[in-house]
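Colleague: Please put the model up. I want to ask what each term rests on.

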Amino acid sequence: MRNRVLYAFAVVSAALLAMNLYTIFMKLPDELNQGMIYRIIYFHLPAALTCFTAFFCGLVASAGYLTTKDMRYDAVAASVTEVGLAFATVNLVTGSIWGRIIWGIWWTWDARLTSMFVCWLLYVAYLMLRRAIEEPVQRARLSAVLSIFAFTDVIIVWKSIEWWRTQHPGPVLTIRGGGGMAPGMQAPIYWNWLAMMLLGAILVAVRMRQENMRREIDSLRREAYAF
Amino acid sequence: MNFFRGAAVIAAKDLRSELRTKEALNATISFALAILLLFSFAFDPDADMVKQISGGLLWLVFAFSSALILNRSFAREVPNDCLDALISSPASGAQLFLGKAAANYALLLVVEAVALPVFGIFYDAHWTRQLGLLVLVLLLATWALTVIGTTFSALTVNLRLRELMLPALVYPALVPALMAAIQLTNVLVGSDTLDRENYIWFRLLAGFDVIFTLLGLAMAETVFVG
């Protein structure tokens, strides 16, 4: 039953992504100044929004674990963080490609890029910490604390384009006070966000199943050692 | 037990044991001097260059060398199960954290007080011109370093890969504070005057200190006890 739901979600997500690709590449015109490369924003921005959503879920799940000590929250936190990190990587790589075309450089040390890279490093450290601790309860507790600390950087990334004058472009979406983009060009950003969120949810579900199995194996192993 | 008195007792214990053995302090100071020496090979330290990079150089020296003190802070409690004794003492997790942090802060400031004049001599930097503001930057940024370092030192104390994990956690988390400290120190040692644009870095440092001190205090009990 659960498999079927997952497959259904996967089909919806794939259809949505295909539809978005058609809109982005076939229907939308090139941008006046940037030409065709501007289309990368339809992957760059939704990937950022998806990874922030994932990290926020990680924060909530970590707080949930610390208050309830329920290991299921730990499985959620680990899964969403791992998936979030994948989307953060997509965000950094697409941003870098865009920078190479528009700015002529792959990378610049402005506040937004730096804070996003720091964010990526912090969540990599989170996964490293999880691997470094063998005892499950200690792993859950310490990684939950780190997740709460790491989330402060997500807030800095989010606010960095307001706090500093950065080389990174300001907000483009109308809901964040930006207005540089025609409404017709903004809509696919939301659609692709939805597709990526669906894809993320599927990956989280698969990853959580793996985490639950691992927990089961851990407890069986402990039982075997006890004899 | 009064909250601050409990923390002070732990800080005094840490400082006393460190001053008697001087194991972390000596190693850290000589490491800081070694990095200062190594940087002189990395670039040609003429007046203009020093003006441009003095902040980065100084704070990298402080940040790298501090890892030794921060690592020792909790690691020295592991043999003979001293950490368990501390946790089962009447002091709360937050007191333990604050006491450890205060002792680390004092030690890091000693290292900086030694490394700063040496930096001035080696690189002919005029760091005393705006000493008051520079001291303020040192106090604020060192507290940021201390608070992050002490929290993560506590977090990693029982890990097999403690020495490897601590830098991987501390340096990324520290970037906003280091960035602010480097910008401000560049201006102050380069003998420029602070303009309004620079004050955002002071605000960032102060905000960083407050947020992470509160987070550290709130999380201490969870980190130590669970």
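Modeller: Chain A has six helices and zero strands. This is a predicted model, where local features need pLDDT of at least 70, side-chain atom pairs count only at pLDDT 80 or more, and totals for chains, interfaces and linings use all residues. Residues are numbered from 1 along each chain as its sequence is written, chains are lettered from A and ligands numbered from 1 in the order written, and side-chain values use heavy atoms, without hydrogens and water.

Colleague: What makes a stretch a helix?

Modeller: A helix is a DSSP run of H or I with at least four residues, a strand is a run of E with at least two, and both are numbered from the N terminus. Read along its sequence, chain A gives the pattern α-α-α-α-α-α. Its C-alpha atoms fill a box of roughly 70 × 40 × 30 Å along the principal axes.

Colleague: Why is the pair Arg207(A) and Glu82(A) called a salt bridge?

Modeller: The rule asks for a side-chain nitrogen of Lys or Arg within 4 Å of a carboxyl oxygen of Asp or Glu. The closest N and O atoms of Arg207(A) and Glu82(A) are 2.9 Å apart, so the pair meets the rule. This pair links distant parts of the chain: Arg207(A) is in helix α6 of chain A, Glu82(A) is in helix α3 of chain A, and 125 residues separate them. Over all chains, the structure holds 14 salt bridges.

Colleague: How many salt bridges are there between chain B and chain A?

Modeller: There is one. The side chains of Arg160(B) and Glu134(A) meet at 3.0 Å, N to O.

Colleague: What makes two residues count as in contact?

Modeller: They need heavy atoms within 4.5 Å. By that rule, 30 residues of chain B are in contact with 25 residues of chain A. The two chains bury about 2300 Å² between them, 80% of it on carbon and sulfur atoms. Buried area is the accessible area (1.4 Å probe) that two parts lose on being put together, summed over both.

Colleague: Which residues does Trp106(A) touch, leaving aside its neighbours within four places in sequence?

Modeller: Trp106(A) is in contact with Ser96(A), Ile97(A) and Arg100(A). Trp106(A) lies in the loop between α3 and α4 of chain A. Trp106(A) and Val93(A) are 13 residues apart in sequence and 9.3 Å apart in space, C-alpha to C-alpha.

Colleague: What makes a space a cavity and not a pocket?

Modeller: On a 1 Å grid over the protein atoms alone, a cavity is a set of points where a 1.4 Å probe fits but cannot get out; a pocket is an open set with protein on both sides within 12 Å along at least five of seven lines; lining residues have an atom within 4 Å of a point. Points are joined across faces, edges and corners, and volume is the space filled by probe spheres set on them. The count is six cavities of 30 Å³ or more. The largest cavity has a volume of about 80 Å³.

Colleague: What lines the largest cavity?

Modeller: There are 14 lining residues, and Leu122(A), Phe149(A), Thr152(A), Ala173(B) and Phe212(B) lie nearest its centre. Two or more residues each come from α4 (111–132) and α5 (136–163) of chain A, and from α7 (162–189) and α8 (196–224) of chain B. α5(A) gives the most, six residues.

Colleague: What makes a lining residue nonpolar?

Modeller: Ala, Val, Leu, Ile, Met, Phe, Trp, Tyr, Cys and Pro count as nonpolar, Asp, Glu, Lys and Arg as charged, and the others, Gly among them, as polar. The lining of the largest cavity has twelve nonpolar, one polar and one charged.

Colleague: Where is the largest pocket lined?

Modeller: The residues nearest its centre are Ile41(A), His44(A), Leu45(A), His168(A) and Pro169(A), out of 37 lining residues. The largest pocket has a volume of about 870 Å³. α2(A) supplies the largest share of its lining, six residues. By class, that lining has 26 nonpolar, eight polar and three charged residues.
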